Protein chains: 4
Amino acid sequence: MRVGIVGVTGYTGSELLRLLIAHGGVNLAYVTSRSYQGRPLAHVHPQYLQITELQCSKFSLEEAVEKTDLIFSALPHGESMETVPMLSKAGLKVIDLSADFRIEEEENYKQWYGKEHTAADYLGKAVYGLPELYRGKIKNACLVANPGCYPTSVILALAPLAQMNLVQWDTLVVDSKSGTSGAGRVPSQVLHYPECTENFRAYRVARHQHTPEMEQELGRLAGREVTFTFVPHLVPMVRGILSTIYVTLTAKWQEEEIRALYQRFYQTEKYVRIFPPEFLPETKYVYGSNYCDLYLKLDSRTGRLIIISVLDNLVKGAAGQALQNMNIMLDFPEDKGLEAVPLRP
Amino acid sequence: MRVGIVGVTGYTGSELLRLLIAHGGVNLAYVTSRSYQGRPLAHVHPQYLQITELQCSKFSLEEAVEKTDLIFSALPHGESMETVPMLSKAGLKVIDLSADFRIEEEENYKQWYGKEHTAADYLGKAVYGLPELYRGKIKNACLVANPGCYPTSVILALAPLAQMNLVQWDTLVVDSKSGTSGAGRVPSQVLHYPECTENFRAYRVARHQHTPEMEQELGRLAGREVTFTFVPHLVPMVRGILSTIYVTLTAKWQEEEIRALYQRFYQTEKYVRIFPPEFLPETKYVYGSNYCDLYLKLDSRTGRLIIISVLDNLVKGAAGQALQNMNIMLDFPEDKGLEAVPLRP
Amino acid sequence: MRVGIVGVTGYTGSELLRLLIAHGGVNLAYVTSRSYQGRPLAHVHPQYLQITELQCSKFSLEEAVEKTDLIFSALPHGESMETVPMLSKAGLKVIDLSADFRIEEEENYKQWYGKEHTAADYLGKAVYGLPELYRGKIKNACLVANPGCYPTSVILALAPLAQMNLVQWDTLVVDSKSGTSGAGRVPSQVLHYPECTENFRAYRVARHQHTPEMEQELGRLAGREVTFTFVPHLVPMVRGILSTIYVTLTAKWQEEEIRALYQRFYQTEKYVRIFPPEFLPETKYVYGSNYCDLYLKLDSRTGRLIIISVLDNLVKGAAGQALQNMNIMLDFPEDKGLEAVPLRP
Amino acid sequence: MRVGIVGVTGYTGSELLRLLIAHGGVNLAYVTSRSYQGRPLAHVHPQYLQITELQCSKFSLEEAVEKTDLIFSALPHGESMETVPMLSKAGLKVIDLSADFRIEEEENYKQWYGKEHTAADYLGKAVYGLPELYRGKIKNACLVANPGCYPTSVILALAPLAQMNLVQWDTLVVDSKSGTSGAGRVPSQVLHYPECTENFRAYRVARHQHTPEMEQELGRLAGREVTFTFVPHLVPMVRGILSTIYVTLTAKWQEEEIRALYQRFYQTEKYVRIFPPEFLPETKYVYGSNYCDLYLKLDSRTGRLIIISVLDNLVKGAAGQALQNMNIMLDFPEDKGLEAVPLRP
């Protein structure tokens, strides 16, 4: 199988490349970049010197069709919706890492992303690429909308409860903390090293664009509309998301019963680890790997359930999950190319 | 006036020293350390080379009484309750930076700190040293219990609402994030650089010992018992606490009305800054300074109020607040020695 | 006395502001910014909220002359040489923090800074603002060229040896390491947090523009032309420079004799600390302060002298030294506004 | 083949484990730990939860012999010399990651490591495990002394010159900078997060114990005794070493000629990358990988050659090189288990 990456020089593109090189089962035949067209990839990211001879091409539909069978689109949102429909129409399988095909309601997209969707007819055609929930659909999908980093951490953390109708949705508070690579490769004042290190801040308080994606997917699982408060924060580190989720249950369950529910729900899932009560997850425990680690604590004083969910935003939160989806679509073992043990320390 | 520091070599002791050197109005006449007795302070913390000639003494009650009028105790909790009563009985004014005299209920102390209180008769004698709320009492206090770092950030954030009975207490969730200096100067695996940097974690989930202190003080303001969920997290940075506080109000207020309430409540307070809606607080904005910055956001989708509270845990969260208390007790201008502008970048 | 800052929103401008607010003896009457003209300074740097009401003006010669007696120019090099001569001609005292008036030879400037000098007639008029060496000249100067950060660390480290002709100049190697704030406030790929943290690199190897400044000043002290190798490196931290300097002496001195020479040379200098052999300097020991710490080690195996020199690049390496120069020029105590103890941890 | 790790819970042991899990060709049958005996490895390092079921055994010679064919010793120096001879006598192949068998001269060991060598008869039997230089000997070795992290970076950087007699040895200065994981897993004041972050320091100036190892190996290549100055520094990051090496050549070579020499010398070596002049190496370019990147710059002003050498201290500087040695000894492809692309960002 021949695969390609459109938008290879950003962080998700580069991470895909890292994983695809280790994969071994596919031929990475085509990578594109608007900013670096014609240049060797190793000149953009010198860690690849003597590792890959790939050159960044300018995107061309003809070349994509000719050279590949499956394309990863790692373009920013807003750009992906211009390119992905062309690729899909031309018969290529597409895994889109942007947000452009995750939101089903056109209105919702416009409201949260601040622009009109120019390929609204494709909104319903994409499969939401969360393998633990939609493996069957992904297998036969032509277009996979790869989930966002925050949504992956939150949906996996709440899915077992949502399916059992155990969540009092109006009590739900999601407080997430992310490393800086989620903000991408373009320099900015906020991510300027002297201002970002030794600093901690919230951002887009109660108005982050991943909110409707989470509400849509959790609502689907719950079989009803759900609305909740989501506040993301920026941690002075490169990789990792930790979401702390506060929820009141609709029924009196013991902590051990809840943990058992999660263990059953995820018992065949390699990449979701239910932590025992004596170990709290840390972002370093998943560094560079495809795991999502979950921790459950019932606060007996308030009756509130606290869920902690941890993943590497560039792997399970982006490129790793995309590769997992590719493996499903192309009938590879689901963990192929994703065997790397977390890098720690 | 002559002052002393018992336990000068830990981080709060050392930070007190930093501020007292800049203060200029008192004579720092006596500093003690168990681990470093007999050694120049500059040999323990070489940043003080050629700045102070102070030697670490072994603690002696006689010497303390003879040399000082006011003592800061920067001993760890559990040790402070052995020493502070002696100092107080001997007629010295005492500002205690440990938790030992913050909790009024002996049972509460035992439950959360895991040990018997050996000076329970002093529990009721201490004034809780939060100047913005208890300035009058502090002025005449013999023993001030200097508030904890998390409690300062949370109580200042909620005081205006608590006094107005605007909080539905059972909805309250406090998600705090702290730099590492709050954990003190003793090396540990968790704070070992290779494991702590590039890492983010929660700890003492729903069982942190600052919980009863917050509940006690907020309960006092609210005139009722309150119980809520508190989850602290460790940020890979040295200084700074950011608390994100989620609360449903008991009445329909507009965001602007709430902000106006806060501005009135704190209008004469130099060290509480109510941020305008267009600026989110960051921990670097208070680095090395005595400010506590507050931000208010009403999430119109859920009706929930989100409060963000930021301070430097070693200054407003410990040594700076202690100096503020000293200034009140000794009739200095309240900001003397606390004029430093935040250090940024 | 009324002072102003031209270019207040960069890091050296902002650091000057921080120090001038603490100074108390001058009236900061005028600050300018091209990018933020008309905006409150606290909107550019929110740490100043409720601390200063200053507004960023557009630069105007008339206003500068009318409102101030002394101006700090914190413009980038290349821009300072356009503005400073105007200010100077108009009779204002000027302290220029750029490199534009540090290099005496016009040719040298052109070669290392890659552009023609447009105010070459002023090159000879500026006094090199290193108080420990040129205090007398600074006192009467109209125009002070404030030294670079690397040069301050290296010249102070070598001055005692240079004056005694103890250096075999062709053996000299200077290996410097700097925090990131030295690179300024404009975002760039190199300082983008995800690429800069957990990373270490050399840059401008043997071609950094501070080289001729060091060679000029050391040559002046030595009474001969000197040429050496200088390699700077970027450390993932905000503040601090550590220079490791390797030199073979022209005579056989014992380590203790060399240390005694340094102690005599700097015995009345508050801001140069000669460390005892049992303590190695660290950049945190000078954090936020005006100290330059020196350590001397004679490697008995090779006969080579190793000098370690440490300072805070924004203070003694820029704004602090500028304030020290101002104090000298305006007859304030030299340490006024510079009393702050290093911030650690 | 069955392999074991003695001392698995330290950073080099844990890194070996990470790489061996990815290797696939050997059976990791036995791991020991004194501090954690009887406990699952995943309880010591929770990143391994659900990845390995290995338990930490107490070391026993019988068990080691029975269960393994090759042992990695990741014990600290001083302990390795007690254990390794037993293993070797019992017929196991041993790769020792400590310094205990790297130094050939007993006196040298005593002088630099401060203790008597208790297995001096083994000093001559070990092969120095630098594959690029001693591949043939390693292939047939019973005992491999795996090189130190600093020595690997320095010897690879100088080997081509040393063999050609191009180095004026008395001019050589080696200024190295290392991340913190090289100091190991035991907490200490120096590596306590609040004191180590935002800080830079030199340590063991001209007296680091890796000095004699470098001098011995470079002396062997040069065919003469060599002595030079080595100063290591601590960088606030986890992984990575960058050595800046200053040398005057014995002959006039052009930079391009030197680069060509290096390219020839290392042309068949996968893990030594000679960087083109337009790219400076950074430690992140080798993060988590087995590469050693070299950069060459002739300073035309001084005639001095500057070499920059970069590697990941835990991989090419320790566990990766050990695995490379194992592959050679066991006839695996030399890069097996070492294919991982550097992790960046």
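Leaving out residues up to four places away in sequence, C:His117 is in contact with C:Met81, C:Asp100, C:Phe101, C:Glu106, C:Tyr109 and C:Leu123. That is my starting point today. Keep in mind that this is a predicted model.

Where does C:His117 sit in chain C? Look in the loop between helix 5 (106-113) and strand 5 (127-128) of chain C. Is C:His117 buried or exposed? Its relative accessible area is 6%, and the cut-off for buried is under 20%, so C:His117 counts as buried. One of its polar atoms lies 2.7 Å from the backbone oxygen of C:Asp100. The backbone nitrogen of C:Ala119 lies 3.0 Å from a polar atom of that C:His117 side chain.

Now a residue in chain A. A:Asn290 is in the loop between strand 11 (272-274) and strand 12 (292-299) of chain A. Buried or exposed? A:Asn290 is buried, because its relative accessible area is 1%. Its side chain reaches the backbone nitrogen of A:Lys316 at 3.4 Å. The A:Asn290 side chain also makes a polar contact with the side chain of A:Gln324, at 3.1 Å. What else does A:Asn290 touch, beyond four places in sequence? The list is A:Tyr271, A:Val315, A:Lys316, A:Gly320, A:Gln321, A:Gln324 and A:Leu338. Notice that A:Lys316 and A:Gln324 are both in that list.

Next, the nonpolar core. In soluble globular proteins, nonpolar side chains tend to be buried together. Here, the largest nonpolar core has 427 residues. Which members touch the most other members? They are A:Leu161, B:Leu161, C:Leu161, D:Phe72 and D:Leu161. Take B:Leu161. Setting aside neighbours within four places in sequence, B:Leu161 contacts B:Leu166, B:Val167, B:Val247, B:Leu249, B:Ile258, B:Leu261, B:Tyr262, B:Leu305 and B:Ile307.

Stay in chain B. B:Ile274 belongs to strand 11, residues 272-274. B:Ile274 has a relative accessible area of 11%, so it is buried. What does B:Ile274 contact, beyond four places in sequence? In chain B, the partners are B:Arg259, B:Tyr262, B:Gln263, B:Tyr266, B:Leu294 and B:Leu296. There is also a partner in chain C, namely C:Gln50. One distance to note: B:Ile274 and B:Leu305 are 31 residues apart along the chain, and 15 Å separates their C-alpha atoms.

Polar contacts do turn up between chain B and chain C, in 9 residue pairs.

Last, the interface of chain B and chain A. This contact takes 50 residues from each of chain B and chain A. Together the two chains bury about 4000 Å², and 55% of it is on carbon and sulfur atoms. Which chain B residues lose the most area to chain A? B:Glu198, B:Phe200 and B:Arg301 do, together 19% of what that side buries. How many salt bridges cross between chain B and chain A? The rule finds 8. One salt bridge to look at joins the side chains of B:Lys177 and A:Asp175, at 3.0 Å from N to O. Several elements of chain B give two or more residues to the side that touches chain A, among them strand 7 (173-178), helix 9 (211-222) and strand 10 (241-248). Strand 7 of chain B has the largest share, 4 residues. By type, this side of chain B divides into 24 nonpolar, 10 polar and 16 charged residues.

Key: Residues numbered from 1 in each chain as written. Chains lettered and ligands numbered in written order. Predicted model: local features only at pLDDT ≥ 70, side-chain atom pairs only at ≥ 80, totals over all residues. Heavy atoms only, no water. Contact = heavy atoms within 4.5 Å. Buried area = accessible area lost by both parts, 1.4 Å probe. Salt bridge = Lys/Arg side-chain N within 4 Å of Asp/Glu carboxyl O. Nonpolar A, V, L, I, M, F, W, Y, C, P; charged D, E, K, R; others polar. Buried < 20%, exposed > 50% of the residue type's maximum accessible area, 1.4 Å probe, protein only. Polar contact = N/O pair within 3.5 Å; in protein donor to acceptor, adjacent residues only side chain to side chain. Core = buried A, V, L, I, M, F, W, Y, C linked by side-chain atoms within 4.5 Å.
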